[in-house]
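Hi,

Here is the structure I promised to pass on. Please open it alongside this message; my notes follow below.

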Amino acid sequence: MDLILEIAVSAFLIIGGVFGLVGSYGLIKLNDAMSRLHAPTKASTLGVGGVLLASILHSVWLEGHLSVHEIMITLFIFLTAPITANFIAKVHMHGHETPKSLPDAGKDKLWATHNIAPEATAEEKA
Amino acid sequence: MTFLRKLLPHPFLTLLLTVTWLLLVNGWSLNSLVFGFLMGWLIPFVTRAYWPQQPKVRAPLKIIEYVFVVFYDIVVANIQVALIVLFKSNADRKPGWVTIPLDLRTPEAITVLAGTITMTPGTVSADVSAEGHALLVHCLDAEDTNAVRDEIKTRYEARLKEIFE
């Protein structure tokens, strides 16, 4: 029984490691800033998830106590990863995109990042 | 009732923060319960200026279904993105922007939708339109941007609309 559990824990660690590695490789391989954002936000979720699953299995069956920290870590990753990605995307939009290079924003005309008051843009020009 | 509302502007947030604190402490004691509740009571006052209204959840049980759908999609998303990263050359990949017109109106629902889009197959939400009527989404590899838009609208937005509105 212990052997099966140890194999399961090892399998989750390997899955986690592989996805973490692929996520990091994606950062180098993909060739534009917005695409690079995809690799760490997704591949790393399963990378961290695999390690956390292994940790939960290990603490419950081999050490005999339930640890809820892993669940909290998962929760915090789910809360912070999209927000970090959004910050980076917004910085990219400020620096490298114009309202014309992006698709139509529908009836609102502008995306929030480009919706700057006229005074502010005049100051930037001066 | 109004007095209670003043004392506890966000009762659900208070409960959530207390439970979060207990889980972070990773053990049960009266000490941590009291301290957790104290923080859960004080933090809503600090954040109240940024979050004046209480979010309404119409169908709490639908959240469970939504969580499972999203979890499944995250696993699929990871495998898909890993395969694209490993085996698809940059020249073959077609990255692009997609506009998602929104039917959702509550800020909480739009936030959850944007977060879900970032965590799921080949899409990252980048921005919301000036008045909040559309989301700007970047696709890692989109042959058909209309299909991406329709999937997000039927798979996630329709479910969120049932939960929040």
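Along its sequence, chain A reads α-α-α-α. That is four helices and zero strands. Bear in mind that this is a predicted model.

Overall form of chain A. The C-alpha atoms fill a box of roughly 70 × 30 × 30 Å along the principal axes. The radius of gyration of chain A is 21 Å, whereas a compact globule of 126 residues would have one near 14 Å. Buried residues account for 25% of the 126 residues. Now take the contacts in chain A between residues at least 6 apart in sequence: 59% of these join residues at least 24 apart.

Helix α1 of chain A. This helix covers residues 2-29, 28 residues in total. From first C-alpha to last it reaches 40 Å, close to the 40 Å expected at 1.5 Å a residue. Which residues in α1(A) are buried? They are Phe12(A), Gly16(A), Phe19(A), Val22(A), Gly23(A) and Gly26(A).

Transmembrane annotation. An unreviewed UniProt entry marks residues 6-28, 40-62 and 68-89 of chain A as "transmembrane region". I looked at two of these spans in the model. Residues 6-28 of chain A are 100% helix and 0% strand, with end C-alpha atoms 34 Å apart. Residues 68-89 of chain A are 95% helix and 0% strand, and there the end C-alpha atoms are 32 Å apart.

Where the chains meet. On the chain A side, 43 residues are in contact with 34 residues of chain B. Helices α1, α2 (33-62) and α3 (69-96) of chain A each give two or more residues to that side. By type, the chain A residues there divide into 23 nonpolar, 12 polar and eight charged.

Chain B. The domain assignment gives domain 1 (2-50) and domain 2 (60-164). Taken over C-alpha atoms, the centres of these two domains of chain B are 32 Å apart. Helix α4 of chain B runs over residues 60-87. How does its span compare with expectation? At 1.5 Å a residue, the 28 residues of α4(B) should span 40 Å; the end C-alpha atoms are 41 Å apart, so the two values agree. Buried residues in α4(B) are Ala77(B), Asn78(B), Val81(B), Ala82(B), Ile84(B) and Val85(B).

Best wishes

Conventions
Residues are numbered from 1 along each chain as its sequence is written. Chains are lettered from A and ligands numbered from 1 in the order in which they are written. This is a predicted model: local features need pLDDT of at least 70, side-chain atom pairs count only at pLDDT 80 or more; totals for chains, interfaces and linings use all residues. The radius of gyration is taken over C-alpha atoms; the globule rule is 2.2 Å times the number of residues to the power 0.38. A residue is buried if 20 or more other C-beta atoms lie within 10 Å of its own, exposed if 12 or fewer, and partly exposed in between; C-beta atoms are placed from the backbone. Two residues are in contact if their C-beta atoms, placed from the backbone, lie within 7 Å. Domain bounds come from an automatic or database domain assignment. The expected span of a helix is 1.5 Å times one less than its number of residues. Ala, Val, Leu, Ile, Met, Phe, Trp, Tyr, Cys and Pro count as nonpolar, Asp, Glu, Lys and Arg as charged, and the others, Gly among them, as polar. UniProt positions are given in the numbering used here, feature names are shortened, and annotations may be inferred rather than shown by experiment.
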